[in-house]
Amino acid sequence: MPNLGVHVREQATAVTTPDVAESGIPFVVGLAPVHTAAKPAPANVPVLCTSWKEAVEKLGFSEDWAAYTLCEFMDSHFKLYGCQPVIFCNVLDPGTMKQDAAAKSYPVTDHKLTLPLATLADTLELTSGETALARDEDYAVLYNENSCIVELLRTGAAYGATELTVSAKEVTPESVTDTEIAAGLDAVDACMNRAGCIPDLICAPGFSHKPAIAALMAVKAENINGLFGGKALVDADCGAGGVRKAADLSDYKAQNRITDDSQILCWPMATREKRRYHMSTHLAGLMAQVDAGNGGIPYESPSNKPFQIDGCCLEDGTEVDLTFQDTNDLAGCGVVTAFHFLDMGWTCRNSYTACYPGNTDVKDCFIPVSRMFKWVGNSIVRSFWRRLDKPMTRLLVDSVVDACNIWLNGLVGAGYLLGARAEFPEDENPLADLMQGILRIHVYLTPPAPAQEFDFTLEYDAAYVAAALAA
């Protein structure tokens with residue numbers, strides 16, 4: 001049958017747009033008062049939270065940040081920097097990490113009694129004289145940021161009591177060891193399945209100052225799921241036996257081998273409204289904020305951007321007054337710190353990873369350049385995974401290289417890279433490898449380095465005098 005006329009048909013695009021990897025997503029390991037949460041998340045499992053409300057609902061919240069280290073991060077990331085998401089991994093298991101609390105009499109005030117926050121509500125045993133009380137019949141239990149509150153019900157048997165005897169079990173955050181923290185860090189590989197995304201910032205405030213934990217964080221950051229890369233944000237120890245002054249940081253780094261390009265080392269701690277935070281916590285918030293302002297592309301350094309802090313201190317609260325020269329010295333040994341510059345207020349200071357000055361390779365030592373290499377690599381893995389096990393033909397090779405180049409050209413055009421290209425070089429693809437289905441694509445890229453220094457020259461020009469006084 002004739003098929004007269006003009007006909008149009010559409011064909012699937014040969015070159016696909018790569019999937020862009022997320023950036024500035026923290027994976028945070030530590031302790032949370034999960035026994036106080038409305039919908040408690042299981043221990044040792046990555047939990048994705050996209051808001052303060054969701055984090056409190058799944059993990060609980062306490063003002064005791066020394067015991068419940070994840071709460072510090074929740075407060076900073078959601079409230080101070082307004083960033084999300086965060087993947088938390090709580091290693092405190094109320095089911096196993098608990099102990100009996102001795103029976104004790106508590107006074108009742110306004111039909112309420114206040115118990116320690118560590119109290120496990122489902123283990124409470126209350127008596128009024130010889131009468132045993134029943135939960136939800138005689139009393140109700142709720143938690144606030146500091147305590148477990150027992151409220152006597154008007155219809156209950158002990159509503160008018162002035163004193164009650166209480167026995168219960170209490171959760172024991174002090175029983176958590178480095179072994180549990182290490183297991184929590186291992187759980188980063190479960191993020192892809194559990195959280196549906198891959199973090200690129202690994203944090204453990206309150207524990208990352210320990211050399212063994214810092215080393216493990218670097219290992220995990222370098223190889224997440226065996227496929228992806230990120231950065232470990234670690235703190236230098238500024239406790240009683242740690243670093244008390246900026247001049248000691250260089251020796252501290254060398255002694256504790258905190259010199260990996262996957263690590264970003266921070267010192268000292270930070271303060272805000274009399275609260276003490278680990279510097280790494282604020283750095284994670286700032287990095288996420290800067291990334292978000294650049295469309296999720298980590299090409300800009302967090303250095304010289306505003307920290308939401310009002311001072312610096314040591315672990316015991318001792319104020320640290322950093323001069324400009326102090327911050328220069330810290331930058332010179334690869335340590336991120338904070339600096340107060342006139343009307344700019346407190347800002348992050350330093351664009352170097354912990355490998356500097358021992359390693360001055362631009363792709364390793366600069367935070368934004370190093371992160372861009374990881375981000376581009378992560379994006380390539382995500383984008384071309386679906387091409388695996390396709391028939392290895394020239395069409396396949398060309399489509400991968402073309403798609404990669406189109407994406408890279410877009411990054412160059414937007415200013416995120418100074419230049420980039422993908423090639424399929426013959427000398428890197430020997431016949432023996434091709435016969436085994438191995439294709440090697442060589443990607444060249446040059447992210448912009450941070451502008452570290454401006455040098456202005458001032459010179460007196462006498463010609464202006466003559467010009468000004470001429471008739």
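What follows is a short chat about a predicted model of one protein chain.

Student: How many helices and strands does the chain have?
Tutor: Start with the overall picture: the C-alpha trace spans about 95 × 90 × 50 Å along its principal axes. Within that, the chain has 13 helices and 20 strands.

Student: Are α2 and α7 roughly parallel or roughly antiparallel?
Tutor: Helix α2 covers residues 69–80 and helix α7 covers residues 279–293, and their axes come within 9 Å. The crossing angle is roughly 30 degrees, and angles under 35 degrees count as roughly parallel. So α2 and α7 are roughly parallel.

Student: Which residues of α7 make that contact?
Tutor: The α2 side brings Glu72, Phe73, Ser76, His77 and Leu80. By class, the contact of α2 with α7 has 4 nonpolar, 5 polar and 1 charged residues. On the α7 side you'll find Thr281, His282, Ala284, Gly285 and Ala288.

Student: What about α10 and α11: is their crossing left-handed or right-handed?
Tutor: The axes of α10 (residues 367–384) and α11 (residues 394–413) come within 12 Å and cross at roughly 140 degrees. The two helices are therefore oblique to each other. As for the hand, α10 passes α11 in a crossing that is right-handed.

Student: How many nonpolar residues are in the contact of α10 with α11?
Tutor: From α10 come Trp375, Val376, Ser379, Ile380 and Phe384, and they meet Val400, Ala403, Cys404, Trp407 and Leu411 in α11. One residue is polar and none is charged. The nonpolar count is 9.

Student: Last one: is Ile264 buried or exposed?
Tutor: Ile264 sits in strand β13, residues 263–266. Beyond its neighbours within four places in sequence, Ile264 is in contact with residues including Leu233, Val234, Leu283, Met287 and Ile367. Its relative accessible area is 0%, and the cut-off for burial is under 20%. So Ile264 is buried.

Conventions. Residues numbered from 1 in each chain as written. Predicted model: local features only at pLDDT ≥ 70, side-chain atom pairs only at ≥ 80, totals over all residues. Heavy atoms only, no water. Axes fitted to C-alpha atoms, helices over the stretch in contact; angles between N-to-C directions. Helix = DSSP H or I, 4+ residues; strand = E, 2+ residues; numbered from the N terminus. Parallel < 35°, antiparallel > 145°, perpendicular 65-115°, else oblique. Left-handed = near helix turned anticlockwise from the far one by under 90°. Contact = heavy atoms within 4.5 Å. Nonpolar A, V, L, I, M, F, W, Y, C, P; charged D, E, K, R; others polar. Buried < 20%, exposed > 50% of the residue type's maximum accessible area, 1.4 Å probe, protein only.
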